[in-house]
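Student: Could you take me through one part of this predicted model with care, namely the place where its two chains meet? I would like one connected explanation that I can follow with the structure open beside me.

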Amino acid sequence: MSNSSPSFLKSSLGKKFIMGFTGLFLISFLVVHVCINACIYFNDSGETFNMAAHFMSHNIIIRVVEVGLFIGIILHIVQALIIIMHNNKARPQKYAVQNQAVSSKWYSRSMGLLGTLLLMFLIVHLANFWVPTKIAVYTGKEQNSFEELKEVFANPIILVVYLLGIVSLFYHLLHGFQSAFQSFGLNHKKYTPFIKSFGFWYSLLICLVFASMPITLYLGLIK
Amino acid sequence: MSHGNMNLTLKIWRQNSGSEPGQLVTYPVKDISPDMSFLEMFDVLNEQLVAKNESPIVFDHDCREGICGMCSMVINGRAHGPKTGITTCQLHMRSFKDGDTIVVEPWRAQAFPVIKDLTVDRSSFERIQAKGGFISVNTGTAQDANCLPIPKDDADASFNAAACIGCGACVATCKNASAMLFVAAKVSQFALLPQGKVEATTRVKNMVAQMDAEGFGSCTNTGACEVECPKGISLENIARMNREYLVANCVS
């Protein structure tokens, strides 16, 4: 058998590998993000939270990783678009009757939609916090991140947008976490049940802690 | 009408050729026995059509016992109909109720173009197979089986992968019309055995390259293929192929 295959990254399997790899990288970032968020629960008028936020916006290593994070997000989105366009071409004539609910979960079929909602949320989120932080860092202005947080989440519309974003994140992670391992070829009778349940509890825990923050701030439980 | 027999409304995809547009055509059928197979019901309908001097519905079938992989109908939105673990020919009319409307469509995929009515061209599967779904052995006397010890679990997993009949229900079911389950089964049945190790690297690379070239979609791990596969081919095979492909690209 001669070898006449295109390069790994151009193949359909290679593209899925990149999706899984960037996805897990973004998942690991969420752990850092949620831990810093949780600093508000020291309930010390945001002192600990502001310290952590200052570290994140000024430390040189974090700044370098931040660039990697943006590259990860962009790669994840670009690969998703390429895969979706390719997949749409694979079935030009649709079925008149479809009964997909019996054979797969709705969120596993809706990763593109959930991802789009997440991207829209991300733009709002960056405009709320990331952009003001960048401006403060470059102008050298002293910033009270905790006060900004309270100000943003005082708006009930913002609260609803964030909660919807977090619900999208939950379902995106629910499929994405275990799907990444499958794309890497890591499926084993002994370990896959653990990966799946870990993915479920990870998604649930991360999203609950994320959701708790705007809710507690909106209700004024954290001062 | 004898006891328990059914009257049904069929909506069947009719298409003269791949280059002409098709549409769903409604056919009422009467007095269908619940003991008939789904394809026997089609035979009854076709006899009626021939008697009326109309063109019979073209559909693929051969063994009619679930092993040849020829029959291929999407029935009410499900490949091989409402039951799992069976092909269309193993589906019986007792799975339906009197008065039901049943929509029957061909496999839908870019890589499975319609030939006529419910028959599609699945030679894309054969071209993938030809790229590496075999082992090269010299002719001569087969060696003693005990010379090649194979763990029972590997032998079983290989056999289960080899149970794939290549019907294409995985492609028909997949929202992306992906052929991953088929190709994964064909890669796995050899990857698990010492005889398959010799050509493992080129096999997986060439078969995946052909799968992509045929225009099948890519896998998004929804797991629908595994549910609808009449032979119960496991998703573990897809993971094994992903693994084989990754390793193959690392070493060559």
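Tutor: Start with Glu236(B) and Lys189(A), whose side chains meet in a salt bridge with a distance of 3.4 Å from N to O. Side chains of opposite charge can pair when their charged atoms come close. Across the interface of chain A and chain B the rule finds 1 salt bridge, and alongside it there are 23 residue pairs in polar contact, both residues of each pair being at pLDDT 80 or more. On the side of chain A that touches chain B, the elements giving two or more residues are α1 (12–37), α3 (60–89), α4 (106–109) and α7 (156–183) of chain A. Of these, α1(A) gives the most, with 5 residues. Sorted by class, that side of chain A has 13 nonpolar, 22 polar and 6 charged residues.

Now widen the view to the interface as a whole, where 41 residues of chain A are in contact with 56 residues of chain B. The size of an interface is often given as the accessible area lost when the parts come together. For chain A and chain B the buried area is about 3900 Å², and carbon and sulfur atoms give 54% of it.

With that in mind, return to α1(A) and look at how it meets helix α9 of chain B, which spans residues 236–251: the two axes come within 11 Å and cross at roughly 100 degrees. Because angles from 65 to 115 degrees count as roughly perpendicular, α1(A) is roughly perpendicular to α9(B). The residues that meet here are Leu13(A), Gly14(A) and Phe17(A) in α1(A), and Met241(B), Asn242(B), Tyr245(B) and Leu246(B) in α9(B). By class, this contact has 5 nonpolar, 2 polar and no charged residues.

Chain A has 8 helices and 0 strands, and its C-alpha atoms fill a box of roughly 65 × 40 × 40 Å along the principal axes. Over all chains the structure holds 12 salt bridges, and one of them joins Glu66(A) to Lys134(A), with the closest N and O atoms 3.0 Å apart. Since Glu66(A) lies in helix α3 of chain A and Lys134(A) in helix α5 (residues 111–139) of chain A, the pair ties together parts that are 68 residues apart in sequence.

Finally, follow chain A to the loop between α5 and α6 (145–152), where Gln143(A) has its place. The side chain of Gln143(A) makes a polar contact with the side chain of Thr133(A), at 3.3 Å. Leaving aside residues up to four places away in sequence, Gln143(A) touches Pro132(A), Thr133(A), Ala136(A) and Glu148(A).

Conventions:
Residues numbered from 1 in each chain as written. Chains lettered and ligands numbered in written order. Predicted model: local features only at pLDDT ≥ 70, side-chain atom pairs only at ≥ 80, totals over all residues. Heavy atoms only, no water. Contact = heavy atoms within 4.5 Å. Buried area = accessible area lost by both parts, 1.4 Å probe. Salt bridge = Lys/Arg side-chain N within 4 Å of Asp/Glu carboxyl O. Polar contact = N/O pair within 3.5 Å; in protein donor to acceptor, adjacent residues only side chain to side chain. Helix = DSSP H or I, 4+ residues; strand = E, 2+ residues; numbered from the N terminus. Nonpolar A, V, L, I, M, F, W, Y, C, P; charged D, E, K, R; others polar. Axes fitted to C-alpha atoms, helices over the stretch in contact; angles between N-to-C directions. Parallel < 35°, antiparallel > 145°, perpendicular 65-115°, else oblique.
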